[in-house]
Amino acid sequence: MGNNLADSQPPRFSRPIALAASLALLAAVVSGSGCSSRVDTNASSVTANNVRLTPAQRQRIHLYTVDPSRFRRTVEITGVVDFDNDQATSVLAPFSGPVSRLLVSQGDEVDKGAPLASVHSTDFSEAISNYKKALATARTNRRLADLDKDLLQHNGVSQREEAQAETDATNAEADRDAALQALVSLSVPPQTIKAIDEGRSVAPPAGLIRSPVAGTVVERLITPGELLQAGTTACFTVANLSRVWVMAQLFGSDLAAVKVGDPADVATGIDARTFPGKVDKVSALVDPDTRAVAVRVVVDNPARLLRRQMYVRVAIHSSYESSGLLVPVSAVLRDDENLPCVYVAQADGSFARQHVALGYRVGEQYDVREGLRSGAQVVVAGGIFVQFMQSQ
């Protein structure tokens, strides 16, 4: 009998058996290509798991030679915007009494001397009355002192009496000046004081709380009807917002990299804009709760985009030089366990996956603490393609 054509063909496997064989092969490849989580620079990197590319595929790959570099670290931390307290003033009530009317709202721009609130206060009546009395007494005592001085020349009074009259006049003038200063501290208008000096009748002026500086009303701490105590009740906070403070905290080794005067960039995350600043102060104390050290960055804020209590990102550019191995950010990939790794070119033309321990980011590069040697060539463009090929 002739051979059946079907008998001469290789046997066919059933679909379940073929699928099982494929899964077993895939499992063997995956298990062989897995990377240890420990960075080992001494193990041989030429293994069966290395990726080998065709000449056409090799054209997609760009390499970077790792060499020792000197660099300045950039410390990236978060911070909170605050007022520049050197340019913020708390406005205390200059007189006592209930608030009759608020004249500004929070966020309003005010000039120096601008009225902020009106207060119904008896302090003005008392101050005006005291000044009138002191003014009259000073004038009378001065007139008597001048008269005694004239009488002394004609032996009309004793020298002791003339000296006492001069002392009384001097004391009365001091009381007058103190009463006048009380009017000035209450911001009584100069024309009102002039009218009192001329003996004219005046009505007590309205009690106006005025801004001592030009700036923005950033806090309004009183309400209509509230009873104020002179020199005690805080009424407003007026601040110059053209410059702000950014308060942040440093931990561990970051503290050794930052000093006063280091430049910084502040970003809000709202857009790509950054605000240049400078480290103004590094605290000498450690926070006992967080074990952090406070750092203050002064930032110009001409457009008023940085607002108090806003969270921002701060990049402080250290002036201290460091040394190490730098690789571009694009060279660093993540394996299935989210561990950082790079692909290193081997002498036989293959590419081996190598885990690395990353240090600080310096611009668009990472400082590699472990996992690479000087002179190694790592993939910086096409790394994802190499990783894909290894997974096949």
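Is the crossing of H4 and H6 right-handed or left-handed? In this predicted model, local features need pLDDT of at least 70 and side-chain atom pairs count only at pLDDT 80 or more, whereas totals for chains, interfaces and linings use all residues. Residues are numbered from 1 along each chain as its sequence is written, and side-chain values use heavy atoms, with hydrogens and water left out.

The crossing of H4 and H6 is right-handed, the near helix being turned clockwise from the far one by less than a right angle. The axes of helix H4 (residues 123-153) and helix H6 (residues 190-197), both DSSP runs of H or I with at least four residues, come within 10 Å and cross at roughly 40 degrees; these axes are lines fitted to C-alpha atoms over the stretch in contact, with angles running from 0 to 180 degrees between N-to-C directions. H4 and H6 are therefore oblique to each other, a class left over once angles under 35 degrees, over 145 and from 65 to 115 have been assigned to roughly parallel, antiparallel and perpendicular. The contact (heavy atoms within 4.5 Å) is made by Ile128, Tyr131, Lys132, Leu135 and Arg139 of H4 with Ile193, Ile196 and Asp197 of H6.

The largest nonpolar core, in which Leu183, Ile209, Ile222, Leu228 and Phe236 have the most contacts, has 32 residues; such a core is a set of buried Ala, Val, Leu, Ile, Met, Phe, Trp, Tyr and Cys residues joined through side-chain atoms within 4.5 Å, buried meaning under 20% relative accessible area with a 1.4 Å probe and protein chains only. Its largest share, 6 residues, comes from H4.

Terms used. Helices (H or I, at least four residues) and strands (E, at least two) are DSSP runs, numbered from the N terminus. Buried means under 20% relative accessible area, exposed over 50%, partly exposed in between (1.4 Å probe, protein chains only).
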